[in-house]
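Biologist: Could you walk me through this model, starting with the ligand and then moving to the strands?

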Amino acid sequence: MPHYKVAIVGAGPAGYFTAQALQNARNADLSFSIDMFERLPTMWGLVRSGVAPDHPKIKTVSKVFEKIAADPNFRLFGNVEVGTDLDIEELCPRYDAVVMCTGSSEGKKLGIPGEDLPGSHSAAEFVPWYNGHPDFVSAPISLVGENAVVIGAGNVAMDCARMLALDPVELDPTDTAEHAIAAFRASTIRKVYIAGRRGPEHAAFTAPELRELPKLEHTDVIIDADAVHQAHERAQAAGEIEKHLASNLEAWRLIAEHPRAGHERAMEFRFLSAPKEIKGTDRVEEVVFGINEIRDGRVVDTGETYSIKTNLVISAIGYYAPHIKGISVRDGKVENKDGRVLGTNIYTVGWAKRGPSGVIGTNKSDASDVVKLLIEDLDSEPKNGGDITVVIPNSITIIDQAGWTKINEAEVAAGEPLGKPRLKEVDIEELISLAK
Ligand code: NAP
């Protein structure tokens with residue numbers, strides 16, 4: 001029976017679902033060995049460092065990941081960075097296929113004056129900071145002033161705004177990084193604005209995220225009832241309202257009608273607000289928005305502006321795939337056709353392939369589609385290109401599955417007496433020593 005070797009680069013949802021799709025494709029005539037490479041000593045990608053800590057249910061998918069990793073034909077190479085410790089050129093000849101599941105970790109830029117002032121951050125920095133990603137522990141996030149402004153009308157913006165607007169006691173039973181909990185406790189921010197450049201009917205938030213807002217225990221959520229009414233009218237005038245939009249519009253109505261409790265903390269949605277400039281001398285002091293309106297279904301700049309005083313701006317407007325040596329990135333994605341990197345035995349799945357869209361489960365069908373193509377492309381004889389371990393520099397401590405299990409168990413054990421799902425270790429050297 002031909003036994004093929006596949007390398008998966010990136011231990012996030014796309015990586016694990018690719019491994020699962022390969023495992024599911026095994027039959028009497030086909031089998032695979034899978035080597036998964038991950039640059040960090042910790043696994044699960046966005047499930048660990050992206051998903052908001054107050055959404056623990058979403059993280060239970062990690063149990064599925066661990067089941068996939070328990071297969072005898074699965075090997076983990078954590079703490080090994082492809083493109084730095086190991087070149088793509090070294091992987092390709094040793095594997096029948098190499099699948100890049102490296103996500104999109106770089107924040108899209110607003111491209112407006114003042115964006116680089118201290119106090120202006122991308123969600124690509126803020127989210128991994130509060131989630132304890134080792135590279136972002138020292139990010140200069142300063143939660144000062146009364147207001148914060150989050151730019152973007154997608155679920156990442158919503159996560160950022162909620163994290164800023166929750167009462168920090170709500171974070172105690174979560175796996176939010178300790179440094180971030182301390183900063184949220186000390187935060188003077190009480191009002192968080194979320195600004196979308198189009199109308200509520202165009203927002204990329206999903207209904208479950210909107211519907212949880214009126215249930216927040218310590219935060220008032222504000223949207224102008226008139227803005228919701230007008231969005232509904234515009235959507236109706238544009239034709240039949242499809243299901244997703246109907247659900248969102250209903251969620252907006254519920255938010256607008258929900259009585260305000262007079263909490264000290266509030267989140268306020270501002271629509272038709274296009275960021276024009278971030279002003280400040282030594283740090284952010286103000287964000288200027290152009291006021292848009294919708295004419296004949298088109299978003300039009302009215303030429304008028306308004307501004308919000310703030311010392312913190314988070315832009316959550318999308319992501320790009322990072323550059324990895326040996327991999328061509330175009331339009332923020334690994335250059336590919338349906339997941340195939342043409343002319344190579346390289347494939348790509350997940351945000352690296354299709355851009356930053358979809359929920360974690362979307363990667364499952366994406367992986368299964370790409371694995372079908374990968375199997376179609378396999379040579380009749382496996383390559384037998386030799387083992388990769390001989391090429392990995394001795395100076396690198398490889399975190400294998402047993403090592404990662406030790407880290408995972410140590411974090412869970414440390415969280416238990418505190419009533420947390422885990423207490424995250426955020427220092428690379430400490431993580432490596434936990435694995436030993
Ligand atoms: P997203 O859903 O694509 O939203 C991006 C937002 O940024 C859009 O509102 C977009 O507005 C806005 N934007 C883009 N460029 C802008 C600019 N120059 N100025 C102002 N606004 C701008 O992206 P995301 O929030 O990063 O989320 C990525 C994916 O992860 C999504 O599929 C999301 O649903 C998913 N996610 C899911 C969850 C969850 O299930 N709980 C949590 C987090 C993320 P326009 O529409 O006007 O372009």
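**Around the ligand**

Modeller: A polar side-chain atom of Arg-197 lies 2.8 Å from an oxygen atom of the ligand, a polar contact being a pair of N or O atoms within 3.5 Å. This is a predicted model, where local features need pLDDT of at least 70, side-chain atom pairs count only at pLDDT 80 or more, and totals for chains, interfaces and linings use all residues. Residues are numbered from 1 along each chain as its sequence is written, and side-chain values use heavy atoms, with hydrogens and water left out.

Biologist: Happy to hear it! How far from an oxygen atom of the ligand is a backbone N or O atom of Val-156?

Modeller: Here the backbone, through an N or O atom of Val-156, faces a ligand oxygen atom. For comparison, Lys-108 brings a polar side-chain atom to 3.2 Å from a ligand nitrogen atom. The Val-156 distance is 3.0 Å.

Biologist: Why is strand E2 largely enclosed by the rest of the structure?

Modeller: E2 covers residues 31-38; strands (E, at least two residues) and helices (H or I, at least four) are DSSP runs, numbered from the N terminus. Ser-31, Ser-33, Asp-35 and Phe-37 point one way and Phe-32, Ile-34, Met-36 and Glu-38 the other. Buried means under 20% relative accessible area (1.4 Å probe, protein chains only). E2 is largely enclosed because, of its eight residues, the number buried is eight.

Definitions and conventions. A polar contact is a pair of N or O atoms within 3.5 Å; within protein, one must be able to donate a hydrogen and the other to accept it, and residues adjacent in sequence count only if both atoms are side-chain atoms. Buried means under 20% relative accessible area, exposed over 50%, partly exposed in between (1.4 Å probe, protein chains only).
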